[in-house]
Amino acid sequence: MKSTKLYIFDLDDTLYDTSFRLDEVTPNFETMKLFPDALEILKKKEPEKILVTHGERKRQEKKIKTLGIRGYFKEIYICADGTEKLELFKKIVKEYGVENPKNCVIIGDRVDTEIRFGNMLGCVTVYLPRGKYSKLSPVDAIEIPTYTIHSFAELESAIGRG
């Protein structure tokens, strides 16, 4: 069954705070917690939700398991490099039959990947300025998000304004 409304989420610093948790020697998985209000959004049945994250596969899978979020996503994609996200976003939009890109919302913490790639596809982009990339400024108009929010409590009201 194809969906016409879709949320695509990033993982690190979008759904949980990676601060002091990404040390290569001691990743501190046991201290991981979702950001406030994230679970409330993930638990909603509509719209369909997809997770697209990049990093070393075993590490990303451990994060997903530790956070207990696998069941909230229709699909989970793990890519080796953030630049692969553009092709994954294209594939997802096509496979889910999203005829109007404005029915696809891409949510992330990086203007240079999630926001840039979402805007390139004509999707709605939602930027959460968190973590180590929160000070990254857009280098051009294509990196300016549709919406900037600071908590998931703001997500639906922001999108509803559009």
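Trainee: Which residues of helix H2 (residues 57–67) are buried?

Mentor: In H2, Arg 59, Gln 60, Lys 63, Ile 64 and Leu 67 are buried. Buried means under 20% relative accessible area, exposed over 50%, and partly exposed in between, with a 1.4 Å probe and protein chains only. Helices are DSSP runs of H or I with at least four residues, strands are runs of E with at least two, and both are numbered from the N terminus. This is a predicted model, in which local features need pLDDT of at least 70 and side-chain atom pairs count only at pLDDT 80 or more, while totals for chains, interfaces and linings use all residues. Residues are numbered from 1 along each chain as its sequence is written, and side-chain values use heavy atoms, with hydrogens and water left out.

Trainee: Why are the buried residues of H2 said to be on the same side?

Mentor: The buried residues Arg 59, Gln 60, Lys 63, Ile 64 and Leu 67 cover an arc of only 135° around the axis, so they are on the same side of H2. The arc is that of the directions from the helix axis to the C-beta atoms. The face turned away from this buried side carries the exposed residues Lys 58 and Lys 65.

Trainee: What do the buried residues of H2 pack against?

Mentor: They pack against E2 and E3. Contact means heavy atoms within 4.5 Å.

Trainee: Which residues of helix H3 (residues 85–95) are buried?

Mentor: They are Lys 85, Leu 86, Leu 88, Phe 89, Ile 92 and Val 93. Seen down the axis of H3, these buried residues fall within an arc of 160°, so they line one face of the helix. They pack against strands E1 (6–9), E2 (48–54), E3 (75–79) and E4 (104–108), and against helix H4 (111–120).

Trainee: Why does Lys 85 count as buried?

Mentor: Its relative accessibility is 1%, and the cut-off for buried is under 20%, so Lys 85 counts as buried. Leaving aside neighbours within four places in sequence, the contacts of Lys 85 include Asp 10, His 54, Glu 114 and Phe 117.

Trainee: Why does Arg 110 count as buried, although its place is in a loop?

Mentor: Arg 110 is in the loop between E4 and H4. At 14% relative accessibility, Arg 110 counts as buried. Beyond neighbours within four places in sequence, Arg 110 is in contact with His 54, Ile 115, Tyr 127 and Tyr 133.

Trainee: What makes the phi of Asp 13 worth noting?

Mentor: The phi of Asp 13 is near 65°, a positive value in a residue other than glycine. Asp 37, also not a glycine, has a positive phi of about 75°. Asp 13 lies in the loop between E1 and H1, and Asp 37 is found in the loop between E1 and H1.

Trainee: Are Asp 13 and Asp 37 buried or partly exposed, and why?

Mentor: Asp 13 is buried, with a relative accessible area of 2%. Asp 37 has 31% relative accessibility, and therefore counts as partly exposed.

Trainee: How do you know that the peptide bond from Glu 46 to Pro 47 is cis?

Mentor: Its omega is near -10°. Pro 47 is found in the loop between helix H1 (38–43) and E2.

Trainee: Why does the radius of gyration agree with that of a compact globule?

Mentor: The radius of gyration is taken over C-alpha atoms, and the globule rule is 2.2 Å times the number of residues to the power 0.38. With 162 residues, the rule gives a value near 15 Å; the protein chain has 15 Å, which agrees.
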